[in-house]
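Grab a pencil and open the viewer.

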Amino acid sequence: MEVYFDIITRFYPLTLSTLIILIYLWNLLDASDKYYRFKSFLSYLIIFNLVIHFTAFYFNYSSEIGSDYFWIYWIIRDILLIVLSIIIFENKKLAILSTLFWISFGAYWLVKKNLVDELQRKINYRVSKLPKNNPSAELLVSLNDISQLPTLKNYLSSQNIQFEIEEAFPDLIDKDITDLDNWYIIDVESDEIANKVYEILKNSKLISFIEWNDKYKVSPEEAKSSVRKPISFVSINDVRAIEQWALDALNIDELDIKLKRIKLKKISKIFILDTGVDANHEDIKDNYFSVSEKYDRDTDKHGTHCAGIAAAVTNNQKGIASLNYNNRFCKITSITVLPSGRGTQEQIIDGMILAADLGADVISMSLGGPSNDLKQAAYEQAIDYCNKKGAIVVVAAGNDNMDAKYFSPASCSSCITVAAVDPNLRKASFSNYFTEQKYGIAAPGVDILSTVPLNKYEKFNGTSMATPFVAGIIGIMKSIKPDITTEEAFNILNDSGKNIDLRHGHVGNFIQPDKAIEVLTKKTYRFHWFIEWIIRLFSFSII
Amino acid sequence: MKITIDFPISLHVGIIEYENLEGGFWKLNENNKTFNLKNLPEEFNQEGIKVAILLKPEEEEVNIFMSGRFYEVISIKKID
């Protein structure tokens, strides 16, 4: 049901314009016998439209920004608009102008939001998700080679198994850039048969992976030996997003629903202090601003990879997506502090000061080295300087499977330190962990697809990859609440985060950006809801 | 003839391995003790080969790998 309300929600500006146009038509016709039937029909249409419109409101704005009852104020606004329109319709010239406005508004909305495409995508998505037979009796397998499909079929038939097999992702746009076309669904009649197939195939050389087509079926131990469930997204169209397990774990669809109606107070600036960034990368350039040409090329791949994670251009039908919903909230830039991947503490601190002076909102540092008291003190002062200038510093925990307190700047007390988790949401084997860290948190850091120079994409592992995820969401938080402090941002991320398995080491809670934004917006708007209401009541700016 | 070297070097024999971290780097595994390698010549970028290698420890600096100390390869020879 949720998806239908979501579709309605997307159409609500259209229902408003349609509603007013219908009222205009209704007003034009007199109630003579000639038009009586048509006028009755129009009346029904208006009532139907009203129901749709206010249902959309309810589902779009209940639990939205500021108050659980915010949708009531929106409904009052639209009722006022409708009443105003009816009054205007008494004057013929004004009526025509008003109708033209509403037709243009509806058309603009339709074109701007690509609603038709979006609706089609949603329907396709839902259809592809529909279980064909018994969802608990489906297995997903990945063939080592597609040419081995007949062999697999013959093998299963020889075991007296009745089955159907078909491509798991027949709608893949570009099969050259992914192995997902090797995935097939084996549909059998019952769980028992599926179990039997699982046992037969799990050690087969024909396939690389096998798992139940239902992630909740797999026990944690079984999950260890299988791959993740293939993913798809409703809110993004970037072609390789299906390879970004992290976006699925970070609930990007839910995040986008929350972000789409938020009015940001500024576009925040995320500074990537690393090996430089390939500013001309197809999936970065539109979200990139330059502070100096010398930083706009990558001496390695690392900086570009981190930049893509923090704020790759999303919904451009290219490459990957980031948390930066419709590219509205953050821009990224680069300061090269580690040419060729290595450098001195002095270079890092120079970079931090420069970033803070240039107005950074978030400084993302996927770097580090062994700590000592002297180094620690210098970093603490630098971070303190950045904080005072309004920047939140986010750093990687390190990759030695050790206590992060032995690394700097990871061990500094005023920065947010990020550990890495794997697709099973466990501490990554290499990730450093926390025993004394004040602001320690976890994010995806294994098998992370992102941008690398020359319009390419690669998967990297490391706490460096986890760091820009956190920088990205803090960038969004900063654009909603520019004066948010490190402590506030951390508390929100930590309190809204997911507890993860501690058996492999304490790495803090796993960030849940959608929930963090929910908490932040409620906190931000709690005391200003009345002002917000007045502004929104008389403007369409948020639409 | 006596040769004096003004920096610490050490000779190791082990297997070349690839560490898939932060974009990847090569390391030497000598009896389960590992040495991260800097400037490994391309012809040795191959997992599983046995080598004798002369290493100079790098100064512990800030880097993107955040995984132990790096060693500069002074000299390397494949062992069959």
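The exercises below go from a sheet to a hairpin.

This is a predicted model, where local features need pLDDT of at least 70, side-chain atom pairs count only at pLDDT 80 or more, and totals for chains, interfaces and linings use all residues. Residues are numbered from 1 along each chain as its sequence is written, while chains are lettered from A and ligands numbered from 1 in the order in which they are written.

**Exercise 1.** Work out the strand order of the open sheet in chain A and find its edge strands.

*Solution.* Step one: strands are DSSP runs of E, at least two residues, numbered from the N terminus, and two of them pair if DSSP finds at least two bridges between them. Step two: read off the 6 strands of chain A, β6-β5-β8-β10-β12-β13, with parallel pairing. Step three: β6 (330-336) and β13 (440-444) of chain A each pair on one side only, making them the edges.

**Exercise 2.** Zoom in on how β5 of chain A pairs with β6(A).

*Solution.* First, β5 (residues 268-274) of chain A runs parallel to β6(A), with 7 bridges. Next, pick A:L273: its bridge partner in β6(A) is A:I335.

**Exercise 3.** Describe the hairpin of β14(A) and β15(A).

*Solution.* Start with the pairing: β14(A) and β15 (residues 456-460) of chain A are antiparallel, over 5 bridges. A:I448 has A:F460 as its bridge partner in β15(A). Then look at the turn: 3 residues sit between the strands, and A:L454 takes a positive phi near 65 degrees.

Definitions and conventions:
Helix = DSSP H or I, 4+ residues; strand = E, 2+ residues; numbered from the N terminus.
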